[in-house]
Amino acid sequence: MKKIKLFIPLLTLTLFSCSNYLDVNTDPSHIPFDKVSPAKLLPGAQVGCYAVQATSLNQLGNVYSNAWGANVQQYSGGYTKEMQLIIDNSFYNTIWDNLYLNVNNFQQIINFSNTDHSNDNFVIAAKVCKAYYMQYIVDLYGDAPYTDAFKGIANRTPKYNDDQFIYRQLIGELDDARALYAQANTNAADISTYDFMLHGNMVGWMQFANTIELRMLNRMSNSTGVVGAYRDQRLGYLVSNTNANTYSDYGFITADVTINPGYSIGNDLQLNPFYSSFIASAAGTLTQNYSFIAATGHYYKALAPFSAYPTGSSHEIIAGSGINYSGVSDPRLLRIFRKGSGQADFRAVTQGSDVVDIFAPGKASGIPGRVGYGVYNPNNQVPSVASPLSCSGVDGYVMTLAEADFLQAEISLSHPGLGIDGAGKFNDGITQAMNRSGAKVVSGNTAAITPSQVTSYLSPISGINSKPYFGWTGTDNQKLHAVLYQKWIALIGLNGIETYLDNTRTGYPLTPLATTATQTRRPRRLIYPISEYVANSANVPDITPANVFATTDPSQPFWLLGDPALGN
């Protein structure tokens with residue numbers, strides 16, 4: 001019998017730190033903020049920005065990419081604004097507010113006195129992180145405060161800069177970081193104790209800088225004119241060493257970029273923020289979000305074979321598209337999500353449906369799939385079903401190697417002259433993603449993903465690489481969809497916002513709207529938060545839903561607009 005539904009849970013997303021000393025904004029010694037050393041600032045800035053990525057950005061992207069839905073078997077309502085596509089100035093304000101709050105700490109590191117070059121490595125890390133997280137401000141909001149930002153009480157009402165100008169400035173920050181590293185000043189202090197991401201590996205910071213820039217240049221894939229020429233020039237620097245530039249000597253990341261300041265079950269603030277938001281409290285109590293978030297029908301159909309589809313269910317991704325799901329069984333189906341509590345079979349729910357409606361023939365409705373602990377499961381740790389905190393101290397993922405591989409596979413399609421092995425990077429990305437999520441889970445939820453399963457999945461004869469739009473076969477357009485489709489699977493639960501941004505940029509991967517959607521497309525940007533309309537009303541642009549949903553609008557991120565006018 002169907003259980004009585006509960007009211008929608010409170011999906012609270014907050015910032016996290018792992019010990020009080022990381023909270024530089026409430027330093028117990030009351031040191032003036034501009035006097036706080038880079039060694040004290042860097043850990044908190046890294047942890048704070050990552051918490052936004054793992055929670056607010058991650059959730060919005062997972063819902064907008066139709067991987068996460070609501071457990072309608074037990075709750076009424078939920079994700080209403082996201083599914084109905086209702087956007088206003090209260091929608092996901094934590095993204096803007098908390099990214100600016102924490103990026104300010106990176107800026108203070110950059111501004112800190114460094115005449116003897118002892119802080120060079122701190123500055124390098126700060127500039128790279130600043131570029132990484134400010135990119136999301138531009139990608140989601142377009143124009144934003146930049147040249148006047150991060151000045152505290154010296155400028156409480158910063159002017160807005162043109163978004164493509166900010167992009168160029170952020171790439172300039174990456175250039176500065178690379179130039180500073182090239183100077184190899186012997187006074188530069190070792191930052192390994194304070195660097196929770198790359199542990200003082202400065203070559204790793206150079207590779208991360210290159211990969212961030214590659215992501216930014218991929219965002220500009222539709223740009224023409226001056227911006228397109230700028231993109232092509234920068235790609236030459238990164239990949240083919242043109243103009244005697246040495247950036248390409250570093251290459252791109254060769255391992256996942258992770259973060260771990262000492263996540264543990266000591267208390268809720270010390271948990272990995274993904275776990276504390278979406279899995280369990282430090283006491284081991286499953287969060288309301290864990291009970292609420294459900295696997296979507298789109299997710300189920302994308303990873304299940306046709307034989308497991310509901311009787312009479314369409315194979316078409318979006319009605320009228322003419323493109324069916326692949327029908328290839330993906331061994332990650334029960335890794336990214338797990339079976340609902342007490343369920344022998346996996347079920348899912350179509351976004352917008354008020355019943356659990358996606359399950360194998362001959363089965364019945366029941367609790368849909370829940371977020372899998374294996375989403376965060378490095379080093380083949382084996383979390384117990386009865387002990388959800390057994391992996392709560394694992395690393396957070398800032399950028400995965402799989403994403404870097406897919407970025408290179410995509411750019412190989414638009415710029416074949418760069419000589420990147422697109423097919424190889426595509427297969428590498430899938431392999432990396434499967435290896436990352438492939439540890440065995442107990443209690444019969446799934447078996448380990450074996451090397452033979454990976455090989456079978458990648459087969460050009462009967463596996464994914466035999467399927468246009470899903471594997472490396474067919475036209476370049478079909479391969480582009482395959483790259484972004486595989487990137488979507490790889491980043492579900494880790495950094496879902498990337499798929500939403502890919503979809504607004506290219507229309508790929510094909511992603512159904514919720515049945516309750518009140519618009520014909522997802523928003524192409526967000527509306528500035530209410531904090532800006534209250535505190536910076538003289539400068540913040542007036543953005544309405546009409547701007548957000550228009551096919552083209554000058555307020556939308558510049559990389560959606562082809563050949564935007566240059567601004568500052």
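Select Asn 495 together with Tyr 136, and you will find that their side chains make a polar contact at 3.0 Å, a term for a pair of N or O atoms within 3.5 Å in which, within protein, one must be able to donate a hydrogen and the other to accept it, while residues adjacent in sequence count only if both atoms are side-chain atoms. This is a predicted model, in which local features need pLDDT of at least 70 and side-chain atom pairs count only at pLDDT 80 or more, whereas totals for chains, interfaces and linings use all residues. Residues are numbered from 1 along each chain as its sequence is written, and side-chain values use heavy atoms, with hydrogens and water left out.

Is Asn 495 buried or exposed? Asn 495 is buried, with a relative accessible area of 2%, where buried means under 20% and exposed over 50%, with partly exposed in between (1.4 Å probe, protein chains only). Asn 495 sits in the loop between α15 (476-491) and α16 (497-506); helices here are DSSP runs of H or I with at least four residues, numbered from the N terminus.

Next, select α15 with α12 (residues 401-414), which pack at an angle of about 170° with axes 10 Å apart; axes are lines fitted to C-alpha atoms over the stretch in contact, and angles run from 0 to 180 degrees between N-to-C directions. Helix α12 is therefore roughly antiparallel to α15, a label for angles over 145 degrees.

Key
Helix = DSSP H or I, 4+ residues; strand = E, 2+ residues; numbered from the N terminus. Parallel < 35°, antiparallel > 145°, perpendicular 65-115°, else oblique.
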